[in-house]
Amino acid sequence: MSIPLSHTTRTAFKNTHATRKEIKTFYDEATEDYTFWSQDFNMHFGYFSFGKTNVLRRDTMLNEMNSQVLKRLELLASKQFVADLGCGMGGTMRHFLHRHSLLSMIGVTLSDFQAIEGNKLLKKYPAVIVKEDFRNTSIASHSVDGAIAMESFCHTGHSLKTLKEAHRILKPGKRLVIGDAFLKKTPDQLCLGSSYSYRKLCEKWSLEGLGVINNVKRDLENIGFSKVTIDDISPRVAPSVFHVPFAIPLFLIKKLLKREPIKKQSWDNLKASFYALTSGLHMKDFGYYLITAEK
Ligand SMILES: C[S@@+](CC[C@H](N)C(=O)[O-])C[C@H]1O[C@@H](n2cnc3c(N)ncnc32)[C@H](O)[C@@H]1O
C-alpha cells in the first residue's frame, strides 16, 4: 500500500504532539497508571520541606506541593470559588476542599475518563470537573477567587491564549498560581543532551512545549497581571523526581506479575517520566517554578 505524499510530508514536519485529541487519548488511557505514582491521584511532582515531608514517602511531597500552591493563592476564610485549569483526577482539588470548608471548585480537563472518575471522587464536596479546553472555558469573566495550573499549561506551551483565559476568569486582585517546569533558554539554545530530552519529553507527554521562564513572566505582565513572582523551587522538587527510576521498574514488575498488557500510552508515560529526570539533570537549561501573578 502506498502512503500519499501529503501524509508523509505532514508527519515529517509535524511540530506538535499536543493536539486536543492526542492529549485526551493520552489521559483517557494512562490516568489509571498514576495510582502507581500517587495513592491520592496527584499527577505532578512534589515539594520537599524539611520536617514536613519524608523523602521516602512520595505522597507527602506531592501533597506538600498542593499546600504550597494553596498558600500562595492567599484565599480568604469566607466563601471562595477556585478554578483548577487542567485538574487531572482532582487530586489538588480534594486537597484544597478538605482544608477550606467554605471553598467550592471547578476543574477543567480534556479527558472524559478524568471527568467521569474524578467527579466520583469529588462527590462529597461542592465541586465539579468539566470537560472543556482551558484556553476557552465556560467560566464567567471576573468570577473566581483563585486559579491554579499544576503541570497542565505545558500542554499548550504556556501560550498567551492560555494565560489570557486565566486572567479573564479571575476577579480583580485575585491570584493565578502556576506550578510547572520551564526552559531557562529558548529551545534553539539548548545543548545537545537537553534538546534531545526536551523533544522526547514533549513527544511522549503530548506537550506543545515548555515556556521560556523570562518570556512567560513578560507575557503575564503584558496581559495585565501584576506582582508576578517567580520562585525557582527546583531543589525542592528534585527529591520527588529522583523517585522516577524506582517507581518505573516497580510499575512494570506489577504489570508483569498481573500479566496485564502495557498500553502504548503507559509506555509513553513511563518514557516521558524518564526524560523528565534527564531534563532535570540539565540544570542550566530547565527549572521547576511556582509562579504567582495577581490580576
Ligand atoms: C499532568 S496532568 C496534571 C493534573 C493535575 N493538575 C495534577 O497536578 O494532578 C495535566 C492535565 O492537564 C489537562 N489538560 C491539558 N491540556 C488541556 C487543555 N487544553 N484544556 C483542559 N485541560 C487540559 C489534562 O487533561 C490533564 O488533566
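Reader: Which residue in strand 7 is the bridge partner of Leu-176?

Author: Ala-293 is that bridge partner. A word on the ground rules. This is a predicted model: local features need pLDDT of at least 70, side-chain atom pairs count only at pLDDT 80 or more, and totals for chains, interfaces and linings use all residues. Numbering starts from 1 along each chain as its sequence is written.

Reader: How do I read pLDDT, and what does the chain average?

Author: pLDDT is the predictor's confidence in each residue, from 0 to 100. Here the chain averages 91, and 94% of the residues score at least 70. Residues 1–14 fall below 50, and this stretch has one contact in the model beyond near neighbours in sequence. Two residues are in contact if their C-beta atoms, placed from the backbone, lie within 7 Å.

Reader: How many bridges join strand 1 to strand 4?

Author: Three, and strand 1 (residues 80–85) runs parallel to strand 4 (residues 144–150). Val-82 stands opposite Gly-146 in strand 4. Ala-83 has Ala-147 as its bridge partner there. Strand 4 also pairs with strand 5, in the parallel sense, over six bridges. On that side Ala-149 stands opposite Ile-178 in strand 5.

Reader: In which sense does strand 7 run against strand 5, parallel or antiparallel?

Author: Antiparallel, with nine bridges joining strand 5 to strand 7. Strand 6 is joined to strand 7 by five bridges, also antiparallel. There Ile-230 has Ile-291 of strand 7 as its bridge partner.

Reader: Why is strand 7 called largely enclosed?

Author: A residue is buried if 20 or more other C-beta atoms lie within 10 Å of its own, exposed if 12 or fewer, and partly exposed in between; C-beta atoms are placed from the backbone. In strand 7, eight of the nine residues are buried, so the rest of the structure largely encloses it. Strand 4 is largely enclosed too, because seven of its seven residues are buried.

Reader: Is Ala-293 buried or exposed?

Author: Ala-293 is buried, with 25 other C-beta atoms within 10 Å. Leaving out residues up to four places away in sequence, Ala-293 touches Arg-175, Leu-176, Leu-220, Phe-225, Lys-227 and Val-228.

Reader: Where does Lys-264 sit?

Author: Lys-264 belongs to helix 11 (residues 264–281). Lys-264 is exposed, with 11 other C-beta atoms within 10 Å. Lys-264 and Ala-30 are 234 residues apart in sequence, and their C-alpha atoms are 8.8 Å apart in space.

Reader: What is the phi of Phe-41?

Author: It is near 60°, a positive value in a residue other than glycine. Phe-41 lies in the loop between helix 2 and helix 3. With 21 C-beta neighbours inside 10 Å, Phe-41 counts as buried. Glu-74, not a glycine, has a positive phi of about 50°. Glu-74 lies in the loop between helix 3 and strand 1 and is partly exposed, with 14 other C-beta atoms within 10 Å.

Reader: Which residues come nearest to the ligand?

Author: A residue is near a molecule if its C-beta atom, placed from the backbone, lies within 6 Å of it. The ligand has 23 residues around it, and Met-43, Gly-86, Gly-88, Ser-152 and His-155 come nearest. Helix 2 (20–30), helix 4 (91–99) and strand 2 (103–109) are the elements that give two or more residues to this shell.

Conventions. Helix = DSSP H or I, 4+ residues; strand = E, 2+ residues; numbered from the N terminus. Pairing = 2+ DSSP bridges.
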